[in-house]
Amino acid sequence: MNVFDIAGRAMSAQLVRLNATASNMANAGNVTGSAGEAYRAIKPVFTSVTDSPGVSTVKVSQVVTTDAQPTKRHDPNHPLADANGDVWEAAVDSNAEMIDMIETARMYQNNVQVLNTAKSLMLETIRIGK
C-alpha cells in the first residue's frame, strides 16, 4: 500500500459512515404503529487493514443496527396509532448524529489533505529532479 491507497481507503470508509449518518438523520422523527417496525440507527464497524508493520488503513467490515429502543409516545389522533393510541418514534439521537457527521466530515477532509500533501511532495520531487 502507498499513501494514496491508505488515504483512499480511509475516505471510502468515511463515506460509508457519512451515508449511514445521512440515513439515520433522514429517519429521525419518523413514527410507526409498533416498536418492531420503528427505525433503528445504523452504524458502520471499522476494522484495521495492515499491509506491513507501520502501514495500516481502515475498512468497513459491516454495518450494524444499534440496540437503541424506539420511543413510545401516546398520540391517539395519529393515523398510525395502535389500539392503545401509541406510536413509536425512530431510535435516532439527532444530536449524536450531527456530532458524528461533523467528525466524519473532518476525517474525510484530513484524508483529502493527506492526498494533496503527497501530491505536492511528489511534484516538488519531480521539479527538483529536472
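Me: How many bridges pair strand β2 with strand β3?
Reply: This is a predicted model, where local features need pLDDT of at least 70, side-chain atom pairs count only at pLDDT 80 or more, and totals for chains, interfaces and linings use all residues. Residues are numbered from 1 along each chain as its sequence is written, and side-chain values use heavy atoms, with hydrogens and water left out. Strands are DSSP runs of E, at least two residues, and helices are runs of H or I, at least four, numbered from the N terminus. Strands β2 (residues 42-52) and β3 (residues 55-65) are antiparallel, and pairing takes at least two DSSP bridges; the count here is ten.

Me: Which strands stand at the edges of the open sheet of three strands?
Reply: The order is β1-β5-β4, with antiparallel pairing. Each edge strand has a single partner, so one side of each is left without a neighbour in the sheet. The edges are β1 (31-32) and β4 (71-74).

Me: Which residue in β5 stands opposite V31?
Reply: β1 and β5 (residues 86-89) run antiparallel, joined by two bridges. Opposite V31 stands E89.

Me: How far apart in space are D5 and L115?
Reply: D5 is found in helix α1 (residues 3-27). In sequence, D5 and L115 are 110 residues apart. C-alpha to C-alpha, the separation is 9.7 Å.
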